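Student: I am new to this structure. Could we go through the ligand and the pockets together?
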Amino acid sequence: MAGPKRALVTGGAGCVGSNLVVELLRRGWQVRALDDFSAGKHEHLKGIPSDRFELREGDIRNLQVCEQACRNMEYVFHQAAIRSVSRSMDDPQATNEVNVRGTLNMLQAAQKAGVRRFVYASSSSVYGDATQLPQEETQRPQPVSPYAVSKLAGENYCLSFAKTTKLETVSLRYFNVYGPNQDPESKYSLLIPAFLAQAGRGEPFEVHGDGLQARDFSFVGDVVAANLLAAQTPNVSGEIFNVAGGKSISVLDVAQAIVNIIGKDPGKRHTDRRPGDVRTTWASIERAKKLLGFQPSVDFEEGLRRSVDYFRSTGWLG
Ligand SMILES: NC(=O)c1ccc[n+]([C@@H]2O[C@H](COP(=O)([O-])OP(=O)(O)OC[C@H]3O[C@@H](n4cnc5c(N)ncnc54)[C@H](O)[C@@H]3O)[C@@H](O)[C@H]2O)c1
């Protein structure tokens with residue numbers, strides 16, 4: 001069938017999903033988004049003026065919903081998940097249902113619909129307490145939290161489908177994503193939106209443990225670019241790629257970088273280290289560079305500035 005490329009974005013109302021939807025539409029694709037709005041928001045997709053866009057509300061735990069959503073699609077970008085490590089500690093069953101069963105549902109549905117390629121949002125958390133740094137895809141994963149286990153299970157299902165069916169799959173291990181359309185309101189917010197929201201309320205930054213734990217950060221625009229490369233690069237089915245900035249930054253340094261941009265220092269409040277949290281993430285992105293031509297284009301300071309702008313535009317930062 002000629003015409004625009006057709007893609008389904010699951011979790012399309014979430015942070016990565018909504019940014020991906022906008023970029024795909026900008027490139028002329030026909031896009032369907034599927035989300036149950038458990039974490040995603042309608043406002044992330046508000047005002048998308050396109051006859052090439054369709055929004056469906058539905059739950060990936062339901063196989064029939066997945067089958068209907070995959071119908072007529074050439075590409076699937078599977079972003080829908082329960083994303084939080086700490087939520088998976090509180091409720092591992094829910095994380096397993098959505099992240100493992102939901103991913104298997106999506107793979108089955110995509111295969112049945114004759115989808116060409118399935119791009120899966122995996123996570124740096126699969127490395128867990130692996131001590132070799134920077135983290136490389138060939139290392140043995142050592143997941144710690146139920147969330148990390150669920151993301152690794154999804155990867156393994158992707159590999160299985162790539163090996164045993166005609167469906168091509170690629171897994172992308174995102175390292176801490178940040179940028180516009182992140183939710184600062186949930187108790188499961190990620191570090192940067194949580195810090196920005198605390199600064200907005202005039203509260204001190206809540207630092208878990210000593211703050212020397214460090215993370216490699218990925219600006220959401222670079223994550224979107226990696227998804228497009230993963231969908232369209234030939235001969236990479238069955239591959240797994242790190243997607244990151246390639247630099248490890250401590251929590252204390254993140255706080256300082258925010259202070260430098262917003263021009264005020266709310267101070268810090270140290271709380272206990274959270275169970276399931278790993279000490280350091282730091283990605284080797286050589287494989288993604290070599291096989292996908294991936295190159296992060298937004299450095300940390302610039303990405304943080306764009307996050308601050310977004311938070312200001314929503315009123316969260318005052
Ligand atoms: N944000 C990060 O730092 C990060 C890091 C590594 C991996 N990831 C992965 O990237 C993907 C996107 O993350 P994000 O930051 O955009 O998270 P997000 O929470 O903003 O988006 C996830 C979306 O999935 C939707 N969803 C949840 N359960 C669903 C269900 N049962 N059916 C349909 N939709 C459902 C939510 O409503 C939300 O819109 C996730 O798979 C996550 O595990 C994220």
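**The ligand and a pocket**

Tutor: Three elements, α1 (15-26), β5 (117-123) and α5 (146-164), each give at least two residues to the shell around the ligand. Helices (H or I, at least four residues) and strands (E, at least two) are DSSP runs numbered from the N terminus. The model is predicted: local features need pLDDT of at least 70, side-chain atom pairs count only at pLDDT 80 or more, and totals for chains, interfaces and linings use all residues. Residues are numbered from 1 along each chain as its sequence is written, and side-chain values use heavy atoms, with hydrogens and water left out.

Student: Which element gives the most to the shell around the ligand?

Tutor: That is β5, with three residues.

Student: How many residues surround the ligand, and which are the closest?

Tutor: The ligand is surrounded by 28 residues (a heavy atom within 4 Å). Asp35, Gln79, Tyr147, Lys151 and Val177 are the closest.

Student: What does Tyr147 do there, in terms of distance?

Tutor: One of the polar side-chain atoms of Tyr147 lies 2.7 Å from a ligand oxygen atom. The protein buries 96% of the 820 Å² that the ligand exposes when taken alone (Shrake-Rupley method, 1.4 Å probe).

Student: Where does the backbone of Gly14 lie?

Tutor: A backbone N or O atom of Gly14 is 3.1 Å from an oxygen atom of the ligand. For Ser38, a backbone N or O atom is 3.3 Å from a ligand oxygen atom.

Student: New topic: which residues lie nearest the centre of the second largest pocket?

Tutor: They are Phe217, Gly245, Val298, Asp299 and Phe300, out of 15 lining residues. A pocket here is an open set of points on a 1 Å grid over the protein atoms alone, where a 1.4 Å probe fits, with protein on both sides within 12 Å along at least five of seven lines; lining residues have an atom within 4 Å of a point.

Terms used:
Polar contact = N/O pair within 3.5 Å; in protein donor to acceptor, adjacent residues only side chain to side chain.
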